[in-house]
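Please keep the viewer open as you read.

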Amino acid sequence: MTLEQIIWLSLFILTVVTLVSFFWVFAPYFPTRKGHLALIQKVAQLKAGDTFYELGCGDARVSIALAKAYPEAQIIGLEMAGPLFFWAWIKAKLSRQKNLTIKWKNIFWQNLSDADSVYIFGMTESLNKKLKEKFLAELKPEARIISYVFTMKEWPGKTETFKGKLSGKDQTKITIYTLPAPPN
Ligand SMILES: C[S@@+](CC[C@H](N)C(=O)[O-])C[C@H]1O[C@@H](n2cnc3c(N)ncnc32)[C@H](O)[C@@H]1O
C-alpha cells in the first residue's frame with residue numbers, strides 16, 4: 001500500500017468513526033413538556049407488579065414521574081446517547097426511587113416481552129414504523145403503548161386519545177395503543 005492510499009484509508013476510517021460517534025452521542029432529543037407529566041401519570045394506570053419501559057428516556061423526567069406515582073411498578077428507562085444516559089442516571093439516583101432503573105441501551109437491543117406498558121416520544125415516521133413492528137412482534141397481549149405526540153397508523157387494537165392542556169392553544173396528543181387480547 002502506498003503512503004497516499006494509507007492517508008486516504010485513514011481519512012475514510014476517521015470520517016466513519018466521527019459520524020457514528022456523533023449519532024451515538026447526539027441522537028435527536030426533545031423532552032416531554034413538564035406540564036404534561038401529571039396527565040401522563042394519570043393515564044399510565046400502572047398496576048402493582050407491572051413492568052414499564054420508557055424507550056429513549058432522555059433526562060428520565062417521565063420515568064422519574066412514573067416511578068414516584070407508581071412505587072409498586074418497575075420502571076426502566078433506556079437511553080443510547082451517552083451524555084443523556086449519564087444525566088438521567090444521576091437524576092434517577094438523586095430521586096432515590098428504588099423501583100427505577102436507567103440503562104445505557106439501544107431500544108432495538110432490548111426485548112420487550114416482559115413489558116406491561118411502554119412510553120415513546122418518537123421522532124420520525126420511519127422510527128415509529130420500526131417500533132410498531134417491534135411492538136407487534138414482542139409485546140404481550142393487552143400490553144399498552146403510551147405515545148406522546150406521535151401516532152401509529154392502522155393499529156390492530158384499542159386506541160384512546162387524550163389532549164394535553166397547558167394553554168388554550170395546546171393540542172398535544174397522548175395516544176394509548178393496546179395490544180389485542182389473546183384469542184379464546
Ligand atoms: C424525543 S426524545 C424523548 C426523550 C424522553 N422520552 C422524553 O419524553 O422526555 C427521544 C430520545 O430517544 C433517544 N433515542 C433515539 N433513538 C434511540 C435508540 N435507538 N435507543 C435508545 N434511545 C434512543 C434519544 O437520544 C432521545 O433522548
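Which residues does Leu100 touch, not counting residues up to four places away in sequence? Leu100 touches Ser63, Ile64, Ala67, Ile75, Ala92 and Ser95, where contact means that the C-beta atoms of two residues, placed from the backbone, lie within 7 Å. Before going on, two notes on reading the model: this is a predicted model, in which local features need pLDDT of at least 70, side-chain atom pairs count only at pLDDT 80 or more, and totals for chains, interfaces and linings use all residues. Residues are numbered from 1 along each chain as its sequence is written.

Leu100 itself lies in strand 3. It is buried because 25 other C-beta atoms lie within 10 Å; the cut-offs are 20 or more other C-beta atoms within 10 Å for buried, 12 or fewer for exposed, and anything in between for partly exposed, with C-beta atoms placed from the backbone. For a sense of distance, Leu100 and Ala38 are 62 residues apart in sequence, and their C-alpha atoms are 18 Å apart in space.

Now zoom out to the whole chain. It has five helices and seven strands, taken as DSSP runs numbered from the N terminus (helices are H or I with at least four residues, strands are E with at least two). Reading from the N terminus on, the order is α-α-β-α-β-α-β-β-α-β-β-β. Along the principal axes, the C-alpha atoms fill a box of roughly 65 × 40 × 35 Å. Of the 184 residues, 29% count as buried. Among contacts between residues at least 6 apart in sequence, 70% join residues at least 24 apart.

Next, look inside. The largest nonpolar core has 40 residues, a core being a set of buried Ala, Val, Leu, Ile, Met, Phe, Trp, Tyr and Cys residues joined through C-beta atoms within 7 Å. The residues with the most contacts inside this core are Tyr53, Leu66 and Val118. Helix 3 gives the most to this core, with five residues. Val118 touches Tyr53, Leu55, Leu112 and Ile145, leaving out residues up to four places away in sequence. As background, in soluble globular proteins nonpolar side chains tend to be buried together.

Within it, Val62, Ser63, Ile64, Ala65, Leu66 and Ala67 are buried. What covers the buried residues of helix 3 includes helix 2, strand 1 (51–55), strand 2 (74–79), helix 4 (82–95), strand 3 (100–104) and strand 4 (117–120).

How do helix 2 and helix 3 meet? The axes of helix 2 (residues 37–44) and helix 3 (residues 61–69) come within 10 Å and cross at roughly 55°. That angle makes helix 2 oblique to helix 3. Here axes are lines fitted to C-alpha atoms, for helices over the stretch in contact, and angles run from 0 to 180 degrees between N-to-C directions; under 35 degrees counts as roughly parallel, over 145 as roughly antiparallel, 65 to 115 as roughly perpendicular and the rest as oblique. On the helix 2 side, Leu37, Ile40, Gln41 and Ala44 meet Arg61, Val62, Ala65, Leu66 and Ala69 in helix 3. The residues of this contact divide into seven nonpolar, one polar and one charged.

Pro141 is found in the loop between helix 5 (125–138) and strand 5 (144–148). With 11 other C-beta atoms within 10 Å, Pro141 is exposed. Leaving aside its neighbours within four places in sequence, Pro141 is in contact with Leu179, Pro180, Ala181 and Pro182. In the loop between helix 5 and strand 5 you will also find Glu142, which has a positive phi of about 70° although it is not a glycine. Glu142 is partly exposed, with 13 other C-beta atoms within 10 Å.

Another positive phi, of about 50°, belongs to Glu154, again not a glycine. Glu154 lies in the loop between strand 5 and strand 6 (159–163), and counts as exposed because it has 5 C-beta neighbours inside 10 Å.

Notes: Nonpolar A, V, L, I, M, F, W, Y, C, P; charged D, E, K, R; others polar.
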